[in-house]
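Welcome! Below is a short tour of a protein model, written for someone meeting it for the first time. Have a look at the structure, then read on.

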Amino acid sequence: MRAAALGFQIAVTGLAVAFLLIPALMSAVTGVTANYFRGLSSGLTLDWVARVWELYASTVWRSMRIALGALAAALLIGVPAAYALARAPGRLARAIEEFVSLPLAVPGLALALALLQLYGTWRGFRISEWFILVGHVLYTLPFMIRAVLAVFAAIDLPKLEEAAAALGAPPWRRFIDIAVPNAAPGVLAGALTVVTLSIGEFNLTWMLHTPLTKTLPVGLADSYASMRLEVASAYTLVFFVMVLPLLVAMQWAAARAQGFVR
Amino acid sequence: MSGAAIALEGVARTFPGGAQAVRPCALVVPQGEILGLLGPSGCGKTTLLRLIAGLERPDPGGRVLFDGRDVTRLPVEARHVGMVFQSYALFPNMTVAGNVGYGLRVRGVRRAEIAARVEEVLALCDASALASRRVDQLSGGQRQRVALARAVAVRPRVLLLDEPLSALDAALRERLRDELATLLRRFAITAVFVTHDQAEALAIADRVAVMRAGRIVQADTPRALYAAPADAWVARFVGGAADLGGVVSDGSLLLPGGRLPAPGPHAPRARFLVRPGGLDLADRSEATLVGAVTRATFLGDRLRVEIDGAAEGALVVDAAPDAAAAPGARVGLRLRPGGLIVVPEAEEAP
């Protein structure tokens, strides 16, 4: 009876895993297959990957630049903002905390539309990479603020600050010596989330991009629509290679921050 | 003796909502004294401590003085106080030694000197073995000692402790209470600690200030506080005295169940109270006061007997553990020497 139940569990889990993984594996394999219509018997090749690089290298570099830009903004704006919110007592600060998360609930398309309405006529900005970066910052900043706030709340920051102040530490030293080191697990988890989200972001970027400011996911959509299946699949493979290590690191950092919070 | 004398002049604290946590009060703590701030929760004792520390600002007009110098406008980091928080607030990103040395590091003391001082202070607090531990590897009692070591490492002028024992479990608390009393005397520094536990206050402090509803109602040595409470509320709060009621006539206090000797002279509106240890069960033939037992609770070293009908309210008497006092029985009561507490009738603020 128990063996049967176990067997059933394994079967269901296996099916679910297969359902999720097989399309991804198929796609990855297609990316290195010489001719998709003749199957694997046509041989393996890296030509398609090279072709992707030739056509779309600029989108890879752009995505990386924008992800790093979003990360820099999240660190420079998000960490101090979380610090200020954690220290501020009162209802206004709690209301702002909720408000900060609002972009998460609004579809990326709506956010992009708002940006276009506001800045669309500002041509130099509209066609530059900065325009996309602004969208990504709006979208990713709440994740950093949330991650850091959670750690600050768990360590009772105001009490630690009072303790440091009683020992003679002026405000800037409390920030450097107490707030930042104790927030580190939250900052790390937030940073990985920001980079991963930025690299994979499509909705908002698709609305904001111009032919000269394509990011990797926008390029993917472009290749799916207009290239051979092998090229599109090879492109997906490139995306996997970039984003998988980030996802693994994110899981690890989130687990670490969780352990810290507990 | 070292440390500064503390003086509070007209210090009050009104919170933004309008609640006055501390009413205008005056308090002097002489150099080297260990003062306990005792009161029920919400009486303003922690706020008063935070006003001394500089973590709160008094309402305009109030002054805080250390050794006669006005420090009212100085923020906490400039007051040079040592503070032990209720939750200890140890820095989780530093080792024990890092925590204890932090105050010196902030002051720019040289590394070798910090290490020497940290070692010295940890030894003083019997915590040398903990130096390289992480904060989350410490037990409650160890945390308390590290918090204390961190507070005294900078040689503060005043040591302030907010409920230093309340985060510990009951068994540990009693042991560490005596340990804390010893340590505070070893530091020989002016110290103020907050507690809601009268046994803690009486055991540790040189002098206890009893607070109620934002006011200091009495500041006295533990013995004086116990023997001569300022009013009926203090008598009830410290030592659990019960009101007898009754009227005085010819050097006796006449009560529903008889009378007790109460040699005068008394103020015209004096009130009489008695603690559980102030009365003794006695043979009814010798007793002048009689009541009925409503409950008897065996507590190991004594029998706690509740008695009705003797005084105007219920009385609690601590009798010998083998005393015969079954519920329903009528027992005689005798006053122990010094058992009667006489306080002036005062208006009792709500």
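Helices (H or I, at least four residues) and strands (E, at least two) are DSSP runs, numbered from the N terminus. Counted in this way, chain A has 12 helices and two strands. Please keep in mind that this is a predicted model.

**Chain A**

The C-alpha trace of chain A spans about 75 × 70 × 30 Å along its principal axes. Of the 262 residues in chain A, 45% are buried. If you take the contacts in chain A between residues at least 6 apart in sequence, 74% of them join residues at least 24 apart.

**Where the chains meet**

How many residues of chain B are in contact with chain A? There are 21 of them, and they touch 18 residues of chain A. The table gathers some values for this interface.

| Feature of the interface of chain B and chain A | Value |
|---|---|
| Area buried between chain B and chain A | about 1700 Å² |
| Share of that area on carbon and sulfur atoms | 62% |
| Salt bridges between chain B and chain A | three |
| Residue pairs in polar contact (both at pLDDT 80 or more) | seven |

Three residues of chain B deserve a look here: B:Glu77, B:Tyr102 and B:Val106 supply 30% of the area that chain B buries against chain A, more than any other three residues. B:Glu77 also forms a salt bridge with A:Arg174, with the closest N and O atoms 2.9 Å apart.

Which elements of chain B each supply at least two residues of the side that touches chain A? They are α2 (76-79), β6 (81-84) and α3 (96-106). With four residues, α3(B) gives the most to that side of chain B. By type, the residues on the side of chain B that touches chain A divide into 13 nonpolar, three polar and five charged.

**A sheet in chain B**

Chain B also has an open sheet of three strands, in the order β11-β15-β21, with antiparallel pairing. The strands β11 (242-243) and β21 (340-344) of chain B stand at the edges with a single partner strand each, so one side of each has no neighbour in the sheet. β11(B) pairs with β15 (residues 270-274) of chain B in the antiparallel sense over two bridges. To find this spot in the structure, look for B:Ala242, which stands opposite B:Val274 in β15(B).

Technical notes. Residues numbered from 1 in each chain as written. Chains lettered and ligands numbered in written order. Predicted model: local features only at pLDDT ≥ 70, side-chain atom pairs only at ≥ 80, totals over all residues. Heavy atoms only, no water. Contact = heavy atoms within 4.5 Å. Buried area = accessible area lost by both parts, 1.4 Å probe. Salt bridge = Lys/Arg side-chain N within 4 Å of Asp/Glu carboxyl O. Polar contact = N/O pair within 3.5 Å; in protein donor to acceptor, adjacent residues only side chain to side chain. Nonpolar A, V, L, I, M, F, W, Y, C, P; charged D, E, K, R; others polar. Pairing = 2+ DSSP bridges. Buried < 20%, exposed > 50% of the residue type's maximum accessible area, 1.4 Å probe, protein only.
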